Amino acid sequence: MNARRWRTAAATAGIAALAGCAGMQAWDAGPKSMTFFVTSVNPGKGADFGGLAGADAHCQALATGAGAGHRTWRAYLSTQSSALNDPKFDNARDRIGTGPWQNANGVIIARNVAELHSMRSALTKEHAVDEKGRLVNGRTEKPNRHDILTGSRPDGTAFAPGFGDMTCGNWTKGGKDGSAMTGHHDRAGPIDASWARSWNSAHPSRGCDLEGLASTGGAGLLYCFATN
């Protein structure tokens, strides 16, 4: 193989290797291709979205406003059962489709559910942008908005009833009572620990109202994923 052919083959191999990594630039950017975003605003009632249906509707409304309403959107939220023998609960990972997902800037966040919940995920502050492609404030910025509501364990599944309220009453509480598990979209926390770097399961909130959510570093924001 001559030098020119060798260089061409090497370049082709390099491109193929990059194509397997989350966080690469997708072919298309913009709202029509967007399949993931962080909500830019809370509807105004803290963690009370009126249940999963209301949270999904919030994602759908913001996506529509950004020009991506042709897709079906779901909030990345889990719910809890009321008793250990109660089968009525929802896993966030089961609600969001199969991927791949990319942000409004055309960057691939993850190609499938397994990659999303692995270290290969590109869900970081740089890429976990809102529906308009704008960065969301992290831990070192004011106001801090890095706590994203999830109600989920690190693998995207629901908490058992014995863990206490991790979903603000399955997303129907907006007062001082209750709490919800949050993740850090910027993968940053007060110490260098796995929970502090978790995008979906870092720590519970202090209450369910907007004031309580803000006191622990959030603004009642959600992750939204398109299922198609």
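A salt bridge is a side-chain nitrogen of Lys or Arg within 4 Å of a carboxyl oxygen of Asp or Glu. The views below come from a predicted model, which holds 10 salt bridges.

**View 1. Lys125 and Glu141 form a salt bridge.** The closest N and O atoms of this pair are 3.3 Å apart. Lys125 and Glu141 both lie in the loop between α3 (113-116) and β5 (147-149), 16 residues apart, and the pair links distant parts of the chain. Lys125 is partly exposed, at 22% relative accessibility. Glu141 is also partly exposed, with a relative accessible area of 30%.

**View 2. Lys176 and Asp209 meet through their side chains in a salt bridge.** The N to O distance is 2.9 Å. Lys176 sits in the loop between α4 (168-171) and β6 (181-184), and Asp209 in the loop between β7 (203-204) and α5 (210-215), so the contact ties together parts that are 33 residues apart in sequence. Lys176 is exposed, at 59% relative accessibility, whereas Asp209 is buried, at 11%.

**View 3. Asp56 forms a salt bridge with Arg74.** Their closest N and O atoms are 3.8 Å apart. Asp56 belongs to helix α2 (residues 51-66) and Arg74 to strand β2 (residues 73-75), so the pair ties together parts 18 residues apart in sequence. Asp56 counts as buried because its relative accessibility is 10%, and buried means under 20%. Arg74 is partly exposed, at 28%. Asp56, Arg74 and Arg95 are linked in a network of salt bridges.

**View 4. The largest pocket is lined by 13 residues.** Its volume is about 260 Å³. Met119, Arg187, Ser194, Arg197 and Ser198 are the lining residues nearest the pocket centre. The lining comprises 5 nonpolar, 6 polar and 2 charged residues.

Methods: Residues are numbered from 1 along each chain as its sequence is written. This is a predicted model: local features need pLDDT of at least 70, side-chain atom pairs count only at pLDDT 80 or more; totals for chains, interfaces and linings use all residues. Side-chain values use heavy atoms; hydrogens and water are left out. On a 1 Å grid over the protein atoms alone, a cavity is a set of points where a 1.4 Å probe fits but cannot get out, and a pocket is an open set with protein on both sides within 12 Å along at least five of seven lines; lining residues have an atom within 4 Å of a point. Grid points are joined across faces, edges and corners, and a volume is the space filled by probe spheres set on the points. Ala, Val, Leu, Ile, Met, Phe, Trp, Tyr, Cys and Pro count as nonpolar, Asp, Glu, Lys and Arg as charged, and the others, Gly among them, as polar. Helices (H or I, at least four residues) and strands (E, at least two) are DSSP runs, numbered from the N terminus. Buried means under 20% relative accessible area, exposed over 50%, partly exposed in between (1.4 Å probe, protein chains only).
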